Each structure stands twice: as C-alpha cells, then as structure tokens.
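Colleague: I am new to this structure and would like a close look at one part of it. Please take a single helix and go through its surroundings step by step.

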Amino acid sequence: MRYRPFGVSGSAISNLTLSFGAGVLKRGREAGLDLLYSALEAGVNSYRLETADPVAAEVLGEALSHVDRKLVYVSLTLGAGDGRDQQRDFSAQGMTAAIDRVLHFSGLGWIDVAVLHEPGETELAQSSLSALKAMRATGRIKLLGIAGGGDVMDAYVSTGAFDALLTPFDINADWKIRNRIRSAREQDMAVFAYDFYADRRARAPDAPIFKKGLFGFGKDKRPVDTPKKDAFGFLYRTQNWTAEAICLSYVLTDPSVSSVIVTPTDTDRLATLAAAPERDMPPGLAAQIEMARVVANQAA
C-alpha cells in the first residue's frame, strides 16, 4: 500500500479508503470483521462509516481496537440516514446524536472527519454549523468534510470552512469536477474520490431487420456490421488487469487525490484493489484513456 499526505495535517493516508456499512454486514458480522482485518493487513489505514448505524460502528471499532488509534483515520457520513430509517438529518440535534452514537458503540474516542453528505444550498442551518464547531472544540471530531457532485459543492468549497472534499471522480470526469478538485487543493483540502468505476461497455443496439422474399416472407436477415463503437472497450481487454483496477490506478495518477474510496464486500475483491496502487499502468494506457474520453464525449 502507498500513502499520501492527508491535507495539511502532516499525516499520511493510504491510497485506499475502505467504505464500511450495510452492504458488508448483510453477509454477517464475521464477514465484516474478516474484511476489516484483511484491509488492515493490506496497509489500509483509512475507513469510512457509510452511516451512523450502531452495528457497523461496533464492528469497525472492534477491528480497529487492535491497532494504535492514532495510526488509523475514520470518517463518518452525516445526512445519509443512520442505517435504520434512512432519514436525512442535518439538524444540530440529529448530527450530534449520530456522532455520539458512533463514538459510544465503536469506542473509537473521536471521529477524524465528519462528512456532510450532499447538503442542499440552504439545508445547513447556522445552529448545525455551530454544533459541529462545538464538537470539534471538544475533540469528538477532528475535521469537517463535504461530499457530493452537484454544482452547490463549488459554493461549499469556496467557504473555506471544510477540510476535506469527497467527490465522484472517474476516467471520464468532466471539467467541473476537475476544476472543483483543483480549487479544493488550492485551499489545502484533502480530496477523496468515490464512484471511480462504472461499467462502460457499450451495448450494441438492435440492428434493423431486413425482410427477405416476396412480401417479406422468408428468412430474416440482420446486417453483420452494426455494433455501436465502444470507446472504453479496451479496459476489458487488457491482460492481467481488471477494468476496475485500471480505473482506480488512473484516478490515482492525479496527485490532488489523497485517497480513493472503495466498496468491496469480500476479501478477494479487496485484494485486487489493494494491489492496484502498487502496480504501474501498462505503457500507453493513460494516453489511450484520454483518447477514449474524447471519442466518448464527441459521441455524446
């Protein structure tokens, strides 16, 4: 595992951040612990709680209790529900309760980054921001982050009130996302990328069927050469690489990205992703990706 600077904190954070929540726990508590222990063995020191669900918090706390707390970083997503009613709640009371619940069940002592998940332009009241500042002053949270891909994120980044930006970022990210990342880094914000991979294999459209014979009777005939051009098809034909691993490695070529959030639910997929930062992309592949972006955008 490789590590990068974590904003201006002076700390080092792993290239991968493991997202942990209901998706893993559907397979049981032991499966969750197994995944977390495998991540620790792979050198992952950054973890994201997807919600304030007490069960997820307890399992994560149990796994991380075996390492020095100061060597691992835990972020908590606020505003994405609590794993039970899935209600968005950016109120001062709601966020305070969510943070206290996670700290109680996990025993972590503090949350490194409290992340506000896609708040609307007027969704954060002054009382909510004051509550977060109070929790920061008491040490329950260390840093504040903002997550989302909408245009309103530009306004939140420009405030200078946040220490981290969590943003969707993949091989075909548009200029808005790229400019936002640049603006965040200019303000010394740590940048976490998520949604780094999407299956971009194009499905060939149904070709027109030409009837053969008098009045259309007879055998149908479909033209052979009718598949849609697939700009990113090479991702799935690169030997010894999965398309997902290629996309992960490509995102990590951007030095502004501190860590990429991954969501494996089993140890095999985690191992594949954890190995990607250690590998060099095949020669010419990055240039091929840039060419594919141009082709895909022209077709759109």
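Modeller: The buried residues of helix 5 are Ser128, Ala131, Leu132 and Met135, where buried means under 20% relative accessible area and exposed over 50%, with partly exposed in between (1.4 Å probe, protein chains only). Seen down the helix axis, these buried residues fall within an arc of 100°, so they line one face of helix 5; the arc is that of the directions from the helix axis to the C-beta atoms. The face turned away from the buried side carries the exposed residues Gln126, Lys133 and Ala137.

This is a predicted model, in which local features need pLDDT of at least 70 and side-chain atom pairs count only at pLDDT 80 or more, while totals for chains, interfaces and linings use all residues. Residues are numbered from 1 along each chain as its sequence is written, and side-chain values use heavy atoms, with hydrogens and water left out.

Helix 5 covers residues 126-137 and has 12 residues. Helices (H or I, at least four residues) and strands (E, at least two) are DSSP runs, numbered from the N terminus. From its first C-alpha to its last, helix 5 reaches 16 Å, close to the 16 Å expected at 1.5 Å a residue; the expected span is 1.5 Å times one less than the number of residues. Just after helix 5, Gly139 takes a positive phi of about 85°.

The buried residues of helix 5 pack against strand 5 (73-78), helix 4 (92-106), strand 6 (111-117) and strand 7 (141-147). Contact here means heavy atoms within 4.5 Å. Leu132 touches Leu78, Met95, Ile99, Leu116, Ile141 and Leu144, not counting residues up to four places away in sequence.

Leu132 also belongs to the largest nonpolar core, which has 78 residues. A nonpolar core is a set of buried Ala, Val, Leu, Ile, Met, Phe, Trp, Tyr and Cys residues joined through side-chain atoms within 4.5 Å. Phe20, Leu78, Ile99, Leu116, Leu132 and Leu235 touch the most other members of this core. Its largest share, 7 residues, comes from helix 8 (residues 243-251). Apart from this core lies another, of 12 residues, with Phe6, Ile13, Val113 and Ala190 among them.

Thr77 is buried, with a relative accessible area of 5%. Thr77 touches Arg48, Leu49, Glu50, Thr51, Val115 and His117, again leaving out residues up to four places away in sequence.
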